[in-house]
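The sequence and the structure come first.

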Amino acid sequence: MNTINITFPDKSVREYQEGVTPYDIAQSISPRLAQDILAASVNGQEWDISRPILTDAEIKLYKWEDPEGKHAFWHSSAHLLAEALQELYPGVKFGIGPAIENGFYYDIDPAGHQITSADFGKIEKKMLELARQKNDIVRQDISKTDALAKFGDRGEKYKCELISELEDGTITTYTQGNFTDLCRGPHLPNTQHIKAVKITSLAGAYWRGDEKREQLLRVYGITFPKQKMLDEYLQMIEEAKKRDHRKLGKEMELFTFSQNVGQGLPLWLPKGAALRDRLEQFLRKIQRQYGYQQVITPHIGNKMLYVTSGHYAKYGKDSFQPIHTPEEGEEYLLKPMNCPHHCEIFKAFPRSYRELPLRLAEFGTVYRYEQSGELHGLTRVRGFTQDDAHIFCAPDQIKDEFLKVMDIIFYIFKALKFENFEAQISLRDPKNKEKYIGSDENWELAERAIIEACEEKGLKARTELGEAAFYGPKLDFMVKDALGRRWQLGTIQVDYNLPERFGLEYTGADNQKHRPVMIHRAPFGSMERFVAVLLEHTAGKFPLWLAPEQAIVLPISEKFNDYAHEVSKQLNAMDIRAIVDDRNEKIGKKIRESELKRIPYMLIVGEKEAENNEVSVRKQGEGDKGMMKIANFAANLAQEVESMIN
């Protein structure tokens, strides 16, 4: 038998017999590793750990801790769910069953069966029963003719529709026990890894997302290799419900929605608008320090602007209907992106290399028609404001600009206590360069600049080949919130496409025309989504500098209401956001309710405080801090704020 060379992520190479599997390779390294791996990639392709490798290859092995490991685990669990449903509800038909960020789902046609939340326990029990059979999950290549016959005989019209669109020679199935599914994989080697199961919810879903097609039943679930992990996950879900930004936003009077205004169009209430404004001013100040110039662009643009940029081709179906004017053939669109407008600003004047880098920033509101079923609070809306900026620079300035943007992102994360984050560098696929626009020289320069910038900052970034956009490489930041959930906050993208499409030029030191490179940058992403993430991360207990109210003055009786209002007036004059609770209630109740309102400081005032021009200070979550002069409290609070954002 021939030997093949296997290259590991650290570039070390080992020799194995042809036909070796990823499981065999893991076993040769460590029996413990072999127990833990769930999936692999071979030459960048997802791979079952029981599938033979026949040629020299680069390999990565994935465990539960890796997203790819979870994906294989949950993808296999979706098949296990389908097998259980097949046994419990004979005649059900299957759509698709992918892994998702947390768990999996399967779209099914119930074929007359009534499946409700009351059936969840029964489904979970059947899944565990099947998992304990330890059935191998077997991959098989199958011809298109045989696949159509196999699934057609079972009346699986949804599968047959999918098969009809596939190329012959690319079709595979996976079988476990009595269930066979059309699937690319990868999967677990068998079902015994699945030890804990929870069916989480049901929802309606149109076949292939088309509201004109059949409505199927979507069954959601999640599984784990240990019961303890499921228990911890369920505890986290309960905590997440308490932190739901929709619930907190209502309680804290930050934002609301109105059917009369329209779905997915948030209304910012006074406290929420003030919060948003503080975030904007915070970023504006940073941007001024880094040489950004603020611009403002319209909420609409001529359709041809977005045809030129390519956004019409990409977002046309997701846009609102074109706006027709009295002028024949003239059409406008609600703005889906800010970048085409910024390209036109760059193009408005002849540009010289002396002006570069040119940094244009805008809090620009954009609009996309998300389907109603996909809308979710502030995280998925139809109108949102991006903290957008576009940097036009020369190719040799890319690295320095990346370093500056990274400084801004790190500063924001620190000020908002996002201390647990990771980064991903997305590069082009070196084996499929024709997918990308731009010269090899420019791509290599940009990719090297991003990698070196991360190294200089000591940022351990995950590198993914083939994940770059077609127009350039990028660096994305994923933040873990207080519950361990991952959110993408902050992105930096290199773009060779839009400068080409818009014919952007600058005159270089050689007096020749050159094409600038464009860098897209949005630390928050969108104001709406960022506020939602921040609400859930902090459970509404915002950092002191950002809190809607920084202090509440609590008179112990009505006799001291006048003094309480005088304290509030003095604090507001010193730029401290203070309010008064002058209701005729016991002080204990006022303190409890102020704690629930998540106000950082409570200032209790009575006879002694009024006589001495003082306040008794109580801090959220920490208790009494003693009496102090109003001016001293204000100075301490200002110092605390300063330490947070500087």
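## Two hairpins

In this predicted model, the hairpin of β32 and β33 has three residues between its strands, and Gly621 there takes a positive phi near 80 degrees. Strand β32, residues 614-619, runs antiparallel to strand β33, residues 623-629, and six bridges join the two.

A second hairpin is formed by β10 and β11, with two residues between the strands, and in its turn Gly177 has a positive phi of about 55 degrees. The pairing of β10 (residues 172-176) with β11 is again antiparallel and extends over four bridges, and Tyr174 stands opposite Asp181 in β11. In a regular strand, side chains alternate between the two faces of the sheet. Strand β11, residues 179-182, has Phe179 and Asp181 pointing one way, whereas Thr180 and Leu182 point the other way, and all of these residues are buried.

## Cis peptide bonds

Most peptide bonds are trans, and most residues other than glycine have a negative phi. Against that background, the peptide bond joining Gly185 and Pro186 is cis, with omega at about 0 degrees, and Pro186 is placed in the loop between β11 and β12, the latter spanning 196-206.

Another cis peptide bond runs from Leu356 to Pro357, where omega is near 0 degrees. Here the proline, Pro357, lies in the loop that comes between α12 (339-347) and β20 (358-367).

Ala111 is not a glycine, yet its phi is positive, at about 55 degrees. This alanine is found in the loop between β8 (103-109) and α4 (120-131). Its relative accessible area is 44%, so Ala111 counts as partly exposed.

Asn511, also a residue other than glycine, has a positive phi near 65 degrees, and its place is in the loop between β26 (506-507) and β27 (513-514). Asn511 counts as exposed because its relative accessibility is 62%, which is over the 50% cut-off.

## Cysteines

How many disulfides does the model contain, when a disulfide is taken as a pair of cysteine sulfur atoms within 2.5 Å? The count comes to zero. Cys160 is in no disulfide, and the nearest cysteine sulfur, which belongs to Cys183, is 16 Å away. With a relative accessibility of 17%, Cys160 counts as buried, because the cut-off for that class is under 20%.

For Cys343, the nearest cysteine sulfur is that of Cys339, at 6.7 Å, and Cys343 likewise is in no disulfide. Its relative accessibility is 0%, so Cys343 counts as buried.

## The second largest pocket

The second largest pocket has a volume of about 540 Å³. Its lining comprises 20 residues, and those that lie nearest its centre are Lys285, Trp545, Asp575, Val641 and Ile645. Two helices, α9 (270-289) and α20 (630-645), each supply at least two residues of this lining.

Methods: Residues numbered from 1 in each chain as written. Predicted model: local features only at pLDDT ≥ 70, side-chain atom pairs only at ≥ 80, totals over all residues. Heavy atoms only, no water. 1 Å grid on protein atoms, 1.4 Å probe; cavity = no way out; pocket = protein on both sides within 12 Å on 5 of 7 lines; lining within 4 Å. Points joined across faces, edges and corners; volume = space filled by probe spheres on them. Disulfide = S-S within 2.5 Å. Buried < 20%, exposed > 50% of the residue type's maximum accessible area, 1.4 Å probe, protein only. Pairing = 2+ DSSP bridges.
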